[in-house]
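Please read the following questions and answers beside the model. Each answer sets a value against the criterion that applies and then draws a conclusion.

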Amino acid sequence: MLEAIGAKELADLVKVPDDVALRAQLELSPPLSESEIASKFSALAARNDALGYANFLGAGVYRHYVPPVIGALAMRGEFLTAYTPYQAEVSQGYLQAIYEWQTYICLLTGMDLANASVYDGATALAEGAIMAVNATGRQALLVSKAVHPNYRAVLKTYCDGLEVEIDELDYLASGTTDFSNLNERLAAGKYAAVIVQSPNFFGAIDSFPKDAAGAVKIGVVAEPLSLAVLRAPRDWGCDICVGEAQSFGVAAAYGGPHVGFIACTKEHMRRIPGRLVGRTVDNAGRNAYVLTLQAREQHIRRERATSNICTNQAHCALIATMYLAAMGATGLRDCALENLQRAQSARTTMLDVAGVSGRFSGATFNEFVVRVPGRASEALAALQRKHVLGGLDLGRFYPELDDCILTAATELTTQDDIDALQNGLRAVVPTLRKKELAAAR
Amino acid sequence: MPQLAELLETPLIFEQGQPGRANRYLPHHDEGADAYLPRDVLRAELPLPDNTELDVTRHFTRLSQLTFGIDVGFYPLGSCTMKYNPRINDAMANLPGLRDLHPFAPDELAQGALAIMWELERSLSSLFGMAAFSLNPAAGAHGELAALLISKAYFRKRGETARKTVIVPDTAHGTNPASAAMVGYKVISLESDKRGRVDPDVLRKVVGPETAVCMMTNPNTLGLFEDRITEIAEIVHAAGGLMYYDGANANALMGNARPGDMGFDLMHLNLHKTFSIPHGGGGAGAGPLGVAKHLVDFLPVPVVRERDGVFSLDFNVPSTIGPMRSFWSNFAHMVRALAYVCANGAEGLTRVSQLAVLNANYIRAKIRDVIDVPYDEWCRHEFVASAQTLKRETGVRALDIAKALLDRGYMAPTIYFPLLVPECLMIEPTETESKETLDAFIAVFRDIIARAHDDPQEILAAPQHTVVGRVDETRAAREPNLRWVR
């Protein structure tokens, strides 16, 4: 091969100027055989003790049952090792699957169209907000405090770059967004969008007021399983619906990859970021699928593109599509009802413990907030010693809610889990109450 | 005989199934959701199809058969580094202790995951000569965006708010200018010289007190090493700007040279290219962001810390730009990337880039007599050919060659990029292909060019042996049909 190239040695081909030649010693572990790699990672996996615990963590990532057929289909090498389907003639399968994903998202959200995915729920929100900024030419957003704090933090990161201002809407005793004076605030024409999540970060089912007008309405869905039973976001007022579809068969995987979606009304079609698959015909008139409206995208329009996104989360979107196909309407609805039932059971069981109380009055899906005496962080740490992850300390994001725990229950939450949580609270709460009383004196 | 296309045309999942033909994955509920929730928040109907597991299995198996991946055949897609994706990496990512770990699990119960992130971060920092890496960004473009946000925060902190321009060579990926626009920077495009490289004298003319960042890909998208990189970095630094390294082509120099030693202040890697992570039909990827010492305080949060062998997530980075995404990283890909690093070690990774360069040069040397190779010198991991002369002589364009390759069982190279080469074909074989595979590809490529001269109609009509022929893209864009409607 070197002879064909006209090189003497391999080293000649990769030579760089002396001033940038490698001098440093690379500090990497010595190479391992495949069996040694398997041992190493198995040992590391075993150090993640959390899996042995009764787990009530949700807050944007939900444990759901995934039928094994999903993994078997998704891991097919044709799907796994393909690139973005630029060459439509040899990518019809993947293109059709993405077209099906776009359709599923539309059917669940009630929107007119959806894109081929973005990185995750938070970046979907940021990109959706940019759509609204571009649509209105306004440089401010009005965001509910009950939107996931991580999503709001990412929104802020993006907005710092674009010099877009963010104002907040407070929450009510119901746990839903406080919309008093909304139309007056919107009437001034300052805001590009008003942003609400449902079920929101507190688990409460939220929505826009019926008469809300004067800005693009962006709805966020972080637990899309809820859409099996809840009103479609289009029906509660959304112009743009963004969210996270991890719940549809995608692993928690310590935070990713997950899969964000953006859906919108026709009006916003040319502002949507990322890939879009369209149905058309080939030169013999046969049905065919192809990446379309690419004039929006970075590889064509460069600095005038709607977004810089190139790689998306196609494989996670594929998994979600397979999950929705396998579950069907019946399976998805049954799953949602299991969630409602077990969350209700977990909530009732927790509230049975003397000293534990509710915090918000609004209707919830599979996640809810309870209040404990003293600090939630202490209660959770004590529960953890009893092998229970009771939920998320809301004080981490809301200083005024530092006595509150956000708890999720899904179809994978067992009666044993719920019993362990109740027993844990029974053991932990009296001590916390005593402490609180002592502190009060 | 029916055509293969007719045999395989697959109805949409929405055109299949019957109501109630459901799989028993979960206990059935006769009660409605109104047993738990007020009616005014509930939907009236859920219009999704019910399909048996067998029908779902056949549906997606067929769709997979209509999809071309690396596992199917040679995939010389330039700039995308379509190397073999070892299955051990997926197996490790799918270990339940890693796959099912909740991102809000307390640090003390996630030590294994944090150890993986830590070791990968340290390995990347050493391999590329940076002070630290953030594993936060979800893809290459996302890493670019994070880097430019860091530059903005850095200059803001220094009171240098006049720095509003980003310099991007005309060979750059489209994501570079698009990312710059997302932080409100103005883009200055830099014309390449006759050698296909950035000319320091041209750069000097556009650099000034308004320069924020110069974004470079090295080797660039022509597959050429920017050999005056030190001088370029000095010019930008002297003007107070920052140097950004687009790591899309890191497979060409990994283990042989380091961006940190070339004067780059910021860089991203596409782990899904260089570190053998499957592209999955366009993602998920991973775009870790590396920074030099003076920028570590601006990294996105969280950052993994180690103290006495105990790992933790640190959200309190002093001048952080904030988080770039919902959760900490595309962790499953961090597992895959570290497994790849472990399989190769430093010597192995060095060998990877050398063999990638060898394979690209071999194809170049074996086809340069039948097609234009505009920058005809030793290339790095990829090179560009041009069908300009062929088009003039035969009417056959780069697009037609691409389609003819599909007919012969090969994925097409990247075409019409970079933009400065007309009728461009960008070929990147990667290191994992054998000489036999390269020889077979070369023979087919030469045969296509020969046929283009003999009987161009045959090539212009390609592909003929794929499930559909050339697709009507104009109609797709003019009458957008983006979803199924009953």
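Q: Into which domains is chain A divided?
A: In this predicted model, chain A is divided into domain 1 (68-323) and domain 2 (329-440). The C-alpha centres of domain 1 of chain A and domain 2 of chain A lie 30 Å apart.

Q: How many residues of domain 1 of chain A are in contact with domain 2 of chain A, and what are their classes?
A: On the side of domain 1 of chain A there are 15 residues in contact with 17 residues of domain 2 of chain A. By class, the side belonging to domain 1 of chain A has 9 nonpolar, 5 polar and 1 charged residues.

Q: Which domains does the assignment give for chain B, and what separates their centres?
A: Chain B has domain 1 (4-61) and domain 2 (88-344) in its domain assignment. The centres of domain 1 of chain B and domain 2 of chain B, taken over C-alpha atoms, are separated by 42 Å.

Q: How do you know that the radius of gyration of chain B agrees with that of a compact globule?
A: A compact globule of 486 residues would have a radius of gyration near 23 Å, and chain B has 25 Å, so the value agrees. The C-alpha atoms of chain B fill a box of roughly 70 × 70 × 45 Å along the principal axes. Of the 486 residues in chain B, 58% are buried. The secondary structure of chain B comprises 16 helices and 12 strands.

Q: What makes up the side of chain B that touches chain A?
A: The contact involves 166 residues of chain B and 152 residues of chain A. Helix α11 (residues 331-367) of chain B supplies the largest share of the side of chain B that touches chain A, with 20 residues. That side divides into 93 nonpolar, 52 polar and 21 charged residues.

Q: Why is B:Val341 called buried?
A: A residue counts as buried if 20 or more other C-beta atoms lie within 10 Å of its own. B:Val341 has 23 other C-beta atoms within 10 Å, and therefore it is buried. B:Val341 is found in helix α11 of chain B. Leaving aside neighbours within four places in sequence, B:Val341 is in contact with A:Leu28, B:Leu120 and B:Ser123.

Q: Is B:Ser79 buried or exposed, and what is the reason?
A: B:Ser79 has 21 C-beta neighbours inside 10 Å, so this residue counts as buried. B:Ser79 lies in the loop between α2 (53-65) and α3 (87-93) of chain B. Although B:Ser79 is not a glycine, its phi is positive, about 75°.

Q: What makes β10 and β11 of chain B edge strands?
A: The open sheet of 3 strands has the order β10-β12-β11 (chain B), with antiparallel pairing. β10 and β11 of chain B each have a single partner strand, so one side of each is left without a neighbour in the sheet.

Q: How do you know that β10 and β11 of chain B pair with β12(B)?
A: Two strands pair if there are at least two bridges between them. Strand β10 (residues 383-386) of chain B is joined to β12(B) by 4 bridges, and strand β11 (residues 414-415) of chain B is joined to β12(B) by 2 bridges; by that criterion, both pairs qualify. Opposite B:Leu425 in β12(B) stands B:Ala385, and B:Leu425 is also the bridge partner of B:Ile415.

Q: What makes both faces of strand β12 (residues 424-427) of chain B covered?
A: B:Cys424 and B:Met426 on one side are buried, as are B:Leu425 and B:Ile427 on the other.

Q: How do you know that the span of helix α8 (residues 149-162) of chain A is close to the expected one?
A: Helix α8 of chain A has 14 residues and reaches 20 Å from its first C-alpha to its last, against 20 Å expected at 1.5 Å a residue.

Methods:
Residues numbered from 1 in each chain as written. Chains lettered and ligands numbered in written order. Predicted model: local features only at pLDDT ≥ 70, side-chain atom pairs only at ≥ 80, totals over all residues. Domains from an automatic or database assignment. Contact = placed C-beta atoms within 7 Å. Nonpolar A, V, L, I, M, F, W, Y, C, P; charged D, E, K, R; others polar. Buried ≥ 20, exposed ≤ 12 C-beta atoms within 10 Å, placed from the backbone. Expected span 1.5 Å × (residues − 1). Rg over C-alpha atoms; globule rule 2.2 N^0.38 Å.
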